[in-house]
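Subject: A structure to look through

Hello,

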Amino acid sequence: LAQLAKYIPHLKEAKFYGGEPFLISIYYKIWDRVKELNPNLDMFVITNGSHWNSKIEKLVNELNFDVAVSIDAYDKEKVERIRKNVVYEKLIDNIHRFSEICNRKGKHLSLSFTVQKDNWEQLPLIINLCNKVNAYIYVSYLERPIQFVLTTLPKEELKRVRQYMEQFTFPKLTQKERHNAKCFE
């Protein structure tokens, strides 16, 4: 932390990844130093969205965070099966909390979705959620472990996936909606 202090005033941006960044104690010490030495620093944090408390709320309100929340399903059962120890209701509430703060501050919220065999049909639901909370969608494609990789499905199953997806269209009124629709396409 002492070594970082001389660099913090000169930073243009800083990104915080995990595990879960809001559970990493030294990150809070870094963020306190950022408040002192470079309070307008553009920062990015990717979270699993499972944690919220007054400390996190104060931090996101005071500093310049763009926030990404990892979410791999919209249906409660799938969310809790894919993301162990995540409580669906808390996750959705926290996404709305991050959305409210990001929207008020002019910061970006994104939802990060990893497509895999057991959640591909959730993508349209996540895009609808993105549009509802004014967030960007970011889609990742799982490559390992191979047993979960969508592209390993038999050809006929992949055709069924495509047919399912072709029935969805999304609004393109705002810049974020256009981004989300393009990612889906």
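Predicted model: local features only at pLDDT ≥ 70, side-chain atom pairs only at ≥ 80, totals over all residues.

The core

The largest nonpolar core has 50 residues, and the residues with the most contacts inside it are F16, F22, W31, M43, F65 and I95. Helix α5, which covers residues 88-105, supplies the largest share of this core, namely 7 residues. As background, nonpolar side chains in soluble globular proteins tend to be buried together.

Salt bridges

In one of them, the side chains of D42 and K107 meet with a distance of 3.4 Å from N to O. This pair links distant parts of the chain, since D42 belongs to strand β2 (residues 42-47) while K107 sits in the loop between α5 and β4, 65 residues apart. D42 has a relative accessible area of 38% and is therefore partly exposed, whereas K107, at 11% relative accessibility, counts as buried because the limit for that word is under 20%.

K107 also forms a salt bridge with D66, where the closest N and O atoms are 3.9 Å apart. Because D66 lies in strand β3 (residues 64-70) and K107 in the loop between α5 and β4, this pair ties together parts that are 41 residues apart in sequence.

Another salt bridge joins E121 and K78, and here the closest N and O atoms are 2.6 Å apart. E121 is found in the loop between β4 and α6 and K78 in helix α4 (residues 76-82), so that the pair links distant parts of the chain, 43 residues apart. Both of these residues, E121 and K78, are buried. Salt bridges with shared partners also join D32, K35, K58 and E62 into one network.

On the surface, L1, L4, Y7, L11 and I26 form a nonpolar patch, and together they have about 430 Å² of accessible area. L1 lies in the segment before α1 (2-5), and L1 counts as partly exposed because its relative accessibility is 36%.

Which of the two glutamines below is buried, and which is partly exposed? Q116, in the loop between β4 (109-115) and α6 (123-133), is the buried one, with a relative accessible area of 10%. Leaving aside neighbours within four places in sequence, Q116 is in contact with D72, I82, L142, F148 and L150. Q147, in the loop between β5 (136-141) and α7 (155-165), is partly exposed, with a relative accessible area of 48%. The C-alpha atom of Q147 is separated by 25 Å from that of V69, and these two residues are 78 residues apart along the chain.

With best wishes

Technical notes:
Residues numbered from 1 in each chain as written. Heavy atoms only, no water. Patch = residues over 30% accessible without salt bridge, like charges linked within 9 Å, V, L, I, M, F, W, Y side chains within 5 Å. Areas by Shrake-Rupley, 256 points an atom, 1.4 Å probe, with all protein chains shown as cover. Salt bridge = Lys/Arg side-chain N within 4 Å of Asp/Glu carboxyl O. Helix = DSSP H or I, 4+ residues; strand = E, 2+ residues; numbered from the N terminus. Buried < 20%, exposed > 50% of the residue type's maximum accessible area, 1.4 Å probe, protein only. Core = buried A, V, L, I, M, F, W, Y, C linked by side-chain atoms within 4.5 Å. Contact = heavy atoms within 4.5 Å.
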